[in-house]
Amino acid sequence: MTVTSKISINDGNLTVHGKTILTGVPDNIVLTPGTGVGQLAGAFIGATASNSKSLHVFPVGTLEGLRFMCLFRFKLWWMTQRMGTCGKDVPLETQFVLIESKDATAEGEPDDAPTIYTVFLPLLEGQFRAALQGNEMNEVEICLESGDTAVKTDHGLYLVYMHAGTNPFEVISQAVEAVEKHMQTFVNREKKKLPSFVDWFGWCTWDAFYTDVTAEGVEQGLKSLSDGKTPPRFLIIDDGWQQIGNEIKDSNAVVQEGAQFANRLTGIKENTKFQKAKNGQNEGTAPGLKLLVDEAKQQHNVKYVYVWHALAGYWGGVKPAAAGMEHYDSALAYPVSSPGVMGNQPDVVMDSLAVHGLGLVHPKKVFHFYNELHAYLASCGVDGVKVDVQNIIETLGAGHGGRVALTRAYHQALEASIARNFPDNGCIACMCHNTDGMYSAKQTAVVRASDDFYPRDPASHTIHISSVAYNSVFLGEFMQPDWDMFHSLHPAAEYHAAARAIGGCPIYVSDKPGNHNFDLLKKLVLPDGSVLRALLPGRPTRDCLFSDPARDGKSLLKIWNLNKCSGVVGVFNCQGAGWCKIAKKTRIHDASPGTLTTSVCSADADTISKVAGPNWSGEVIVYAHRSGNLIRLPTGASLPVTLKVLEYEVFHLCPLKEITSYISFAPIGLLDMFNTSGAVEQFDVEFDSSKQTAAAFYDGEVASELTNSLLSDDRAPTATITLKVRGSGRFGAYSSQRPLKCSVDSSEAGFEYDSGTGLLTLNLRVPQDQEMYRWLVEIQV
């Protein structure tokens with residue numbers, strides 16, 4: 001069966017670009033070509049069965065001898081990465097697979113064929129959801145389930161989409177775009193409105209207070225950070241502000257970080273901790289939450305306030321028949337996990353809710369619930385919500401048409417309410433790594449990208465960074481990944497901070513009031529409270545996609561991103577800990593990981609040519625943030641880096657512009673910030689026409705009167721370099737010769753120049769009363 005010239009099944013072999021990917025493909029597996037623009041390199045995998053059931057497992061074929069990276073749900077809420085070479089290495093609940101292969105080459109031809117990357121995306125079809133898994137015979141299987149025994153099928157034609165090409169990042173983007181056109185149930189990240197809070201530094205109450213958060217604690221946290229000149233401009237009031245019942249009197253009920261998971265919501269307004277009168281104000285003159293939000297914005301200059309709630313209202317849902325909430329038709333439901341989730345890591349939330357039940361708002365009433373909740377929050381000045389515990393809905397599909405139907409009903413209602421009440425698209429999705437939700441999100445633009453930052457769990461820090469990076473390969477096609485809060489005063493703080501600085505993500509901490517490392521925070525936060533956010537979701541470099549930087553004992557993780565005029569690559573030693581399929585938890589498997597070495601080159605920033613400008617030679621100036629080293633790196637060359645566990649380095653790859661045959665230049669950025677080159681927003685060159693003509697005759701080799709006149713310090717300028725730079729502090733650039741003059745906002749500025757390295761530095765002051773200010777820096781050369 002030939003589907004396209006690129007993807008086919010012949011003699012039981014699934015081949016892609018002439019390379020066999022799967023062998024022993026059963027007769028009941030069906031291939032359907034992708035249709036429409038962008039699907040020419042893709043095909044859908046389907047399967048048929050002899051009888052109708054609510055759960056099918058279809059072997060698709062045998063996978064052996066090919067490197068792959070997959071993303072799977074190790075617990076109900078979250079994904080992490082796994083690398084392997086055969087079918088049995090594919091875990092239960094796999095939602096994304098990327099396979100590496102070489103084109104087949106004819107005998108006698110050179111073996112320099114390009115590497116082919118094939119992505120497999122298990123999909124939703126009708127009321128069913130597909131996932132991938134492997135078995136002990138190295139077969140890859142499709143697990144197809146509805147989550148409702150009454151919802152059955154005997155086939156599916158569009159269960160998995162596969163797409164192939166030579167650039168892995170393009171292949172993944174093209175695959176998601178093709179699936180978007182096919183399904184028409186979600187929208188990719190680039191088409192979504194990104195909420196404005198992502199460009200400002202934030203503070204979240206969770207790890208500071210957990211559920212013991214109070215209005216007074218919120219005020220203390222905002223003041224503490226502002227006093228240190230790292231003012232938070234967005235605030236997340238996490239779990240602990242809502243009205244909940246504690247009618248479950250069970251000494252065995254699970255409590256974790258203060259959250260008793262069986263508790264249910266009893267009202268949409270704030271609880272008594274947030275209702276206290278202040279400063280002599282009369283009780284009841286205004287909601288306590290509104291007073292708190294007003295003070296945060298007026299006294300502490302917070303721009304955006306978000307509050308937490310679960311997708312079901314609270315961990316245990318909405319209390320049935322609670323006073324004032326009867327019209328939501330909440331009823332007790334008892335969650336049932338899918339076999340795949342149960343086969344990975346059991347969950348304490350599920351353990352609790354399976355016994356006590358969850359108060360599930362009827363799907364036909366859930367928009368009214370969200371709309372009334374969000375309208376109240378908006379009336380208090382709240383700008384958005386962090387919607388947590390999302391994947392619980394997939395376990396409650398029985399009697400509601402199955403997991404896909406119930407999830408989609410909830411997501412459609414949520415997004416409709418967000419659109420009505422929070423015009424900046426104010427929503428952060430959390431505990432939501434299931435395809436039921438991702439393929440149903442037309443609007444939500446920010447997604448928590450991994451399991452939590454756990455300040456007291458030493459096993460969690462390295463795997464946190466690697467999981468976010470690999471998860472972002474997939475999640476970043478749907479939403480902007482959020483790397484979670486962290487503590488600035490913590491043994492791993494600098495490691496976490498550097499990763500977030502290049503992640504393209506919101507940057508926020510959960511410090512307790514008074515527990516801060518302001519020197520660290522000032523490498524992330526500008527005096528106006530803004531951050532230098534990179535342009536894309538941070539993802540592993542191409543040469544890291546199939547190595548395992550958490551477990552193999554030999555690989556460092558490289559994460560790449562772009563700024564407006566540069567590339568950036570962060571290198572992290574993440575070895576020593578990860579999720580263990582035997583212990584079914586994250587654990588340390590190597591207490592003393594070794595010191596490791598890798599190399600960095602300009603090609604690691606995959607699309608750096610897009611920001612380098614025309615006629616770029618490939619040469620870059622590399623600035624290493626941690627060491628402060630500046631290196632001119634020739635085209636095709638690489639730079640070694642050696643790191644111990646929990647160490648990092650951030651390399652800024654600044655494309656070198658040849659202004660004339662004897663002058664080259666590259667802006668670098670704010671040298672003391674983690675995302676140094678994120679400060680440079682524009683780079684232009686204006687030539688002096690007479691000097692440009694003269695320079696054309698200079699070959700760079702012959703000493704002459706022309707040479708001397710072109711290189712002397714009292715020469716007339718050949719060109720003026722114009723930069724737009726955001727922020728304050730030490731600004732650096734590379735110049736192959738000493739500049740004649742520097743000015744900032746048309747006023748001449750002093751500068752220093754190191755002829756040995758070519759580093760030009762000058763100081764930018766703090767702009768007065770102007771946010772997101774861009775300095776005009778002009779350099780005459």
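**Exercise 1. State which residue stands opposite V622 in strand 36, and describe the pairing around it.**

*Solution.* V622 stands opposite I631 in strand 36. The model is predicted, so to speak of local features a pLDDT of at least 70 is needed, side-chain atom pairs count only at pLDDT 80 or more, and totals for chains, interfaces and linings use all residues. Residues are numbered from 1 along each chain as its sequence is written, and side-chain values use heavy atoms, with hydrogens and water left out.

Next, consider the two strands. Strand 35 (residues 620-624) and strand 36 (residues 630-633) run antiparallel and are joined by four bridges. Strands here are DSSP runs of E with at least two residues, and helices are runs of H or I with at least four, numbered from the N terminus; two strands pair if DSSP finds at least two bridges between them.

Finally, examine the turn. Five residues lie between the strands of this hairpin, and G628 takes a positive phi near 80°.

**Exercise 2. Describe the largest cavity by its volume, its lining and the classes of its residues.**

*Solution.* A cavity is a set of points, on a 1 Å grid over the protein atoms alone, where a 1.4 Å probe fits but cannot get out; lining residues have an atom within 4 Å of a point. Volume is the space filled by probe spheres set on the points, which are joined across faces, edges and corners.

First, the search of the whole structure finds four cavities of 30 Å³ or more. The largest has a volume of about 110 Å³. Its lining includes L22, I45, V60 and F120. Strand 9 (94-102) and strand 13 (139-145) are the elements that give two or more residues to this lining.

Then sort by class: Ala, Val, Leu, Ile, Met, Phe, Trp, Tyr, Cys and Pro count as nonpolar, Asp, Glu, Lys and Arg as charged, and the others, Gly among them, as polar. The lining of the largest cavity has 12 nonpolar, no polar and no charged residues.

Terms used
1 Å grid on protein atoms, 1.4 Å probe; cavity = no way out; pocket = protein on both sides within 12 Å on 5 of 7 lines; lining within 4 Å.
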